[in-house]
Amino acid sequence: MDCFAETEGKRAHDPLYNQQRRPATGVPVDDVDIVVDVPGAVIVGAGPAGIAVGAMLGLAGVAYVVLERCGCIASLWRHRTYDRLCLHLPKRFCELPLMPFPISFPEYPTRDQFLQYLDSYARRFSVEPVFRRAVISAEYDGDSWWVYTREVIAGAGAGAGGEQAVLGSTMTVYRSKWLVVATGENAEPVVPEIEGAGRFRGQIMHSSEYRNGEGYAGKRVLVVGCGNSAMEVCLDLCNHNARASMVVRDTVHVLPREMLGQSTFGLSVLLLRWFSVQTVDWLLLLLAHLVIGDTARLGIPRPSLGPMELKAVSGKTPVLDVGTIAKIKSGNIKVVPAIQCLREHGVEFVDGRTVDFDVVILATGYKSNVPYWLKEKEFFSEKDGFPRKSNGWKGQNGLYAVGFSRRGLLGVSKDATNIVEDIVQRWRDMGYERCETKK
Ligand SMILES: Cc1cc2nc3c(=O)[nH]c(=O)nc-3n(C[C@H](O)[C@H](O)[C@H](O)COP(=O)(O)OP(=O)(O)OC[C@H]3O[C@@H](n4cnc5c(N)ncnc54)[C@H](O)[C@@H]3O)c2cc1C
């Protein structure tokens, strides 16, 4: 059974087509070349979240299409992460629904192993996204979602490397009852404006462009930020004999990745079953102090709330140390305060010191891109592009969000399961039968 009805040609000039309700997206009528009616769900994004939803919908016989701006699945992991990256959490907390990691994989799979897992996941469940198709706008017309897309003809469109996507002129609209937003919490790099950036003679890059420390030996590199990426980039640079400094301008919880022979994350999950979050935090901080010492003395002060409580209140994740703290203690990585401004050959810090640097790496995080394309304001916040309600996965009119709960891949699996159960129920209520064709 072919689930999709595609109409090519200038539908905009078809009087019947024009009589249909159309949302006021501001997209000129003449621009629409192809309309594809999807009887099930349109999923935007082919990262772990998008392919998990696709796999489960396919298995339940619900029609769907996955739209992805890059030319591959899991583009964040493939194109915007560093070579030494391993999953931060043990593999049992990172697997997608329906398929565990191979037993042969280590406790913390490498980036390449994770990609291998995702590739075989997509193959096993026949998830075949439409690649190089960027969603530029989406809006509900009172009956269906209209998802406006253009082909990406050059550039990954993922924002890395300053690479801008070049979009084709053909506009394809996908129409569906259900829209699943799977564009991720890390869709676009955050690049802060730093005074004097224009006059700095060295190289400035975002951490999404950093692959490894080759070529940095002997160079003075300033890493801006103190999250997981910043700490690991510093460690990698140090292992490649670069002279790394790390800007810490905020408080942050650093915990060892493992404590008492267990993963810190696993231990916290276990303890939270029995004790209050405050008691668990007290225990974690006591153990962290015994293992890595007082981080404040290294220039990395802790927030006043404990790590688990802070995570629950603000979504801020503790950093899991894999060796950076030891390098800071040995003086191989320097901790420096916030930047006042960039100078021609270096940086002036807020404490008045000026230090020369060859490279500045901005490990300043990522942001959601939902406000740029989704014309909806009730469920998603315009401010940060996340659902307004924490852990929110279901909005109005068949709108869903997967992977926005700030709980990593564990949250992705939970959202995907909830969403698919909901859509399958509605699909059956509407009297649809199994659909074997997904594209
Ligand atoms: C360096 C790093 C390390 C991490 N390590 C871990 C870890 O160890 N464990 C963990 O649980 N989590 C980790 N995370 C968080 C991680 O991002 C998520 O867990 C996971 O990738 C989320 O998957 P996702 O599908 O929601 O988003 P993504 O993987 O970001 O996928 C979103 C997809 O949507 C596509 N897209 C975006 N906008 C559009 C558009 N307009 N049109 C079409 N397609 C679009 C993107 O190209 C992308 O392919 C890490 C993140 C980073 C940056």
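Q: Which residues are closest to the ligand, and how many surround it?

A: "Near" means that a residue's C-beta atom, placed from the backbone, lies within 6 Å of the molecule. Here 35 residues surround the ligand, and the closest are G45, G47, G184, G403 and G408. This is a predicted model, where local features need pLDDT of at least 70, side-chain atom pairs count only at pLDDT 80 or more, and totals for chains, interfaces and linings use all residues. Residues are numbered from 1 along each chain as its sequence is written.

Q: How does the shell around the ligand divide by class?

A: Ala, Val, Leu, Ile, Met, Phe, Trp, Tyr, Cys and Pro count as nonpolar, Asp, Glu, Lys and Arg as charged, and the others, Gly among them, as polar. The shell has 20 nonpolar, 13 polar and two charged residues.

Q: How do helix 2 and helix 11 pack?

A: Two packed helices are described by the angle between their axes and the distance between the axes. Axes are lines fitted to C-alpha atoms, for helices over the stretch in contact, with angles from 0 to 180 degrees between N-to-C directions. Helices are DSSP runs (H or I, at least four residues), numbered from the N terminus. For helix 2 and helix 11, the angle is about 35 degrees and the axes are 9 Å apart.

Q: What classes of residue make that contact of helix 2 with helix 11?

A: Contact means C-beta atoms, placed from the backbone, within 7 Å. This one has twelve nonpolar, one polar and no charged residues. Among them are A52 of helix 2 and V412 of helix 11.

Q: Where are the two domains?

A: Domain bounds come from an automatic or database domain assignment. Domain 1 is 3-187 + 366-429, and domain 2 is 190-362. Their centres, over C-alpha atoms, are 31 Å apart.

How values were computed. Helix = DSSP H or I, 4+ residues; strand = E, 2+ residues; numbered from the N terminus. Contact = placed C-beta atoms within 7 Å.
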